[in-house]
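Reader: I am new to reading protein models, and I would like to learn how to go through one feature by feature. Could you guide me through this one?

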Amino acid sequence: MLGLLLQHGDEISHFAVPVPSFDRPSAQGCGKLLILRRRMETTKMRAISNFEQLQRLLAEPKKIVITMHQRPDADALGSSLALCLFLQKEGHQVTVIAPTPYADFLKWMPSNSDVLVYEDEAQHEASQKLVAEADLIYCLDFSCINRVGHKFAADIQKSDAKVVLIDHHIDPEDFADFVLWDHHASSTAELIYEYIVLSGGKDEVDVAIGECIYAGMMTDTGSFRFPSTSANVHRIIADLMEKGLDHSRIHRLVYDDNNETRLRLLGFALSERLEISYEYHTAFFKLSAEDLKRFDYRTGDTEGIVNYALSISGIVFAAFFSEKDGATKISFRSVGDFPANEFAGKYFNGGGHKNAAGGRTEEPVEEAVERFKSLLPAYKEQLDACVDALPDMA
Ligand code: 5GP
Ligand code: MN
């Protein structure tokens, strides 16, 4: 375990969370940063290990790359842009590189036009060069390095840059030199705000940074309704509003920017592609490649549809299967104690959070769905118990 910098007289037992070991060959002697936060509302976060070492690195202008998981959502992109804007204010040369394209409804974000897309042929070489020449690479909103894609992951690992991981997913892999991680955090955006504050940059937070952070927290908390929505989240929002954040504008930009085909695809999914198994308290959607083509599918168009399955009374486990690029991508959602991430990891090469997870399989969508259905009977007891534990939801 790393050296502890305890503050506020807190007891070490509050940190009974698994702490991975962070050594990797290229990181020898560079030290690690690990910041964990308690859920107790009265205390602030505290730093463990040598945050100062990272700060010393940042004392001089650095070449910095910020990246995130593939098909970034508002948390991944918002966190990256907020951090980018902050580090630029601090005098660094910063570029945000998204591994893949992302939804149009995220493109209003400040500085979005400066984002490079690694997969984009025209921007690939420039992205690789920036990664190779970077002093620091921040990896945001993912815990397994391959979530940036194998090729991009290899480039990051080849680079001499120090790697900083800031994330809220379970079981972070051991690939970073500095880690700020808390799987109880509502979002990576929440951690970015705290990172900025910890760096002494609270006064640097302006409306543009606030908009990016708010978008990440808003979407990852289902508009502040998931259990991860803590008092800390609301305190951060209060800070952002005092800086001039127009929160209604962000809701409109993210949620009220549908195009016609996206809405019609939702209607089609709800009326034609939703299956409900009351016996297993489970509901799921399946969309074939043909379905997506028919509705002129664009990245992001199906985001959030899975939540309609979970909104059905008595349903505690929901899934969304869609056929993309010759494989099937699955989103899982659950309520209560049903561990969607374990299910995704065990059967669909995925992972995530207990109540929101995802995975992927090479099977065509029909096969993936049939296998999914065949797995449910083994979980009947657990699913029943989950409903019993939530009588008001049943
Ligand atoms: P979504 O359903 O929105 O794509 O993903 C929900 C959550 O599941 C994400 O925040 C992420 O934590 C996790 N997730 C989604 N896809 C994958 C995947 O392929 N692998 C892993 N490990 N996690 C995933
Ligand atoms: Mn997130």
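**Reading the model step by step**

Author: D325 is exposed, because 8 other C-beta atoms lie within 10 Å of its own. The general rule is that a residue is buried if 20 or more other C-beta atoms lie within 10 Å of its own, exposed if 12 or fewer, and partly exposed in between, with C-beta atoms placed from the backbone. This is a predicted model, in which local features need pLDDT of at least 70 and side-chain atom pairs count only at pLDDT 80 or more, while totals for chains, interfaces and linings use all residues. Residues are numbered from 1 along each chain as its sequence is written, and chains are lettered from A and ligands numbered from 1 in the order in which they are written.

Reader: Where is D325 placed, and what is its phi?

Author: Helices (H or I, at least four residues) and strands (E, at least two) are DSSP runs, numbered from the N terminus. In those terms, D325 sits in the loop between strand 11 (317–324) and strand 12 (327–334), and its phi is positive, about 50°, although D325 is not a glycine.

Reader: Is D141 buried or exposed, and where is it found?

Author: D141 counts as buried, because it has 28 C-beta neighbours inside 10 Å. D141 lies in the loop between strand 6 and helix 4 (150–158), and it has a positive phi of about 70° although it is not a glycine.

Reader: How many helices and strands does the protein chain have?

Author: The protein chain has 14 helices and 14 strands, and of its 394 residues 43% count as buried. To speak of contacts we need a rule, namely that two residues are in contact if their C-beta atoms, placed from the backbone, lie within 7 Å. Among the contacts in the protein chain with a separation of 6 or more, residues 24 or more positions apart account for 65%.

Reader: Which residues does Y118 touch?

Author: Leaving aside residues up to four places away in sequence, Y118 touches I97, A98, P99, H124, S127 and F152. Y118 is found in the loop between strand 5 (116–117) and helix 3 (121–133), and it counts as buried because it has 23 C-beta neighbours inside 10 Å. Y118 and T67 are 51 residues apart in sequence, while in space they are 9.7 Å apart, C-alpha to C-alpha.

Reader: How should I read a pair of packed helices, and at what angle do helix 2 and helix 5 pack?

Author: Two packed helices are described by the angle between their axes and the distance between the axes. Axes are lines fitted to C-alpha atoms, for helices over the stretch in contact, and angles run from 0 to 180 degrees between N-to-C directions. Helix 2 (residues 74–89) and helix 5 (residues 188–198) pack at an angle of about 15°, with their axes 8 Å apart. They are therefore roughly parallel to each other, given that angles under 35 degrees count as roughly parallel, over 145 as roughly antiparallel, 65 to 115 as roughly perpendicular and the rest as oblique.

Reader: Which residues make that contact?

Author: Helix 2 contributes D75, A76, G78, S79, A82, L83 and F86, and helix 5 contributes T188, A189, I192 and I196. By class, the residues of this contact of helix 2 with helix 5 are seven nonpolar, three polar and one charged, where Ala, Val, Leu, Ile, Met, Phe, Trp, Tyr, Cys and Pro count as nonpolar, Asp, Glu, Lys and Arg as charged, and the others, Gly among them, as polar.

Reader: How do helix 2 and helix 6 pack?

Author: Helix 2 and helix 6 pack at an angle of about 160°, with their axes 8 Å apart. That angle makes helix 2 roughly antiparallel to helix 6.

Reader: How many residues of helix 5 are buried?

Author: Nine of the 11 residues of helix 5 are buried, so helix 5 is largely enclosed by the rest of the structure. The buried residues of helix 5 pack against helix 2, strand 6 (136–140), strand 7 (162–167), strand 8 (178–181), helix 6 and helix 7 (231–242). Helix 5 is followed by G200, whose phi is positive, near 80°.
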